[in-house]
Amino acid sequence: MAAWLFPAARFVIKGSLAGAAVYVAYDQGLLGSGTQGAEALRKAQAALPPAIQEWTSYIGWELPPTPKFDFSPSDSWNKGKITSYQTVKGARGQVWCSLYKSCFNTVLLN
Amino acid sequence: MAKMASEGELGRKWDRCMADSAVKLGAGFGLGIVFSVIFFKRKTWPIAFGSGMGLGMAYSNCQHDFQSPYLLHGKFVKEQ
């Protein structure tokens with residue numbers, strides 16, 4: 001057998017594996033636009049808990065339920081400040097309303 | 001599909017950018033591992049190279065997304 005045959009075959013197999021990995025990444029939308037990447041992450045988040053559940057039941061382990069991981073930085077940005085302001089605004093309204101009522105009652109009674 | 005508030009568009013773009021960055025970093029890291037094992041005798045630099053490429057692609061996508069014009073009532077017209 002020619003001496004070059006084994007290295008050539010090894011290179012072809014390695015190249016095929018690497019090319020297949022790149023193609024799968026491209027086909028799943030991992031190398032595309034931002035919208036495709038976000039969609040791929042959503043699909044992975046949806047598919048992960050059932051897959052974990054299936055594998056753990058197959059092996060025979062009991063795991064607690066997977067926590068929900070919501071990837072939304074814009075929802076949590078400034079959330080503390082917004083919540084604080086809403087609380088203060090609501091409290092100010094309640095204080096004003098109670099003061100108004102007490103003043104109104106005082107004027108009416110007098 | 002329900003109408004989205006325009007002031008939330010920037011937040012949605014940031015969400016998309018962060019999600020895409022995570023996906024691209026993971027994909028680059030994974031492909032770097034594959035190439036490192038297959039071609040480069042388990043060296044570390046292909047992994048770092050792949051991760052860096054993924055981050056660069058994510059940065060480019062984010063830049064394109066943030067710089068794209070907000071179309072309200074218009075449509076894209078082919079250049080003459």
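## Exercises: where chain B meets chain A

The contact (heavy atoms within 4.5 Å) takes 18 residues from chain B and 21 residues from chain A. This is a predicted model, where local features need pLDDT of at least 70, side-chain atom pairs count only at pLDDT 80 or more, and totals for chains, interfaces and linings use all residues. Residues are numbered from 1 along each chain as its sequence is written, and side-chain values use heavy atoms, without hydrogens and water.

**Exercise 1.** State the area buried between chain B and chain A, and find the residues of chain B that lose the most.

*Solution.* Start with the term: buried area is the accessible area (1.4 Å probe) that two parts lose on being put together, summed over both. Here the value is about 1600 Å². Carbon and sulfur atoms give 77% of that area. Next, look at chain B. Asp15(B), Val23(B) and Ile38(B) lose the most area to chain A. Together they make up 30% of what that side buries.

**Exercise 2.** Count the residue pairs in polar contact between the chains, then name the elements on the side of chain B.

*Solution.* A polar contact is a pair of N or O atoms within 3.5 Å; within protein, one must be able to donate a hydrogen and the other to accept it, and residues adjacent in sequence count only if both atoms are side-chain atoms. The count is 4 residue pairs, both residues at pLDDT 80 or more. Now the elements. Helices are DSSP runs (H or I, at least four residues), numbered from the N terminus. Helix H1 (9-38) and helix H2 (45-67) of chain B each give two or more residues to the side that touches chain A. H1(B) gives the most, with 15 residues.

Methods: Chains are lettered from A and ligands numbered from 1 in the order in which they are written.
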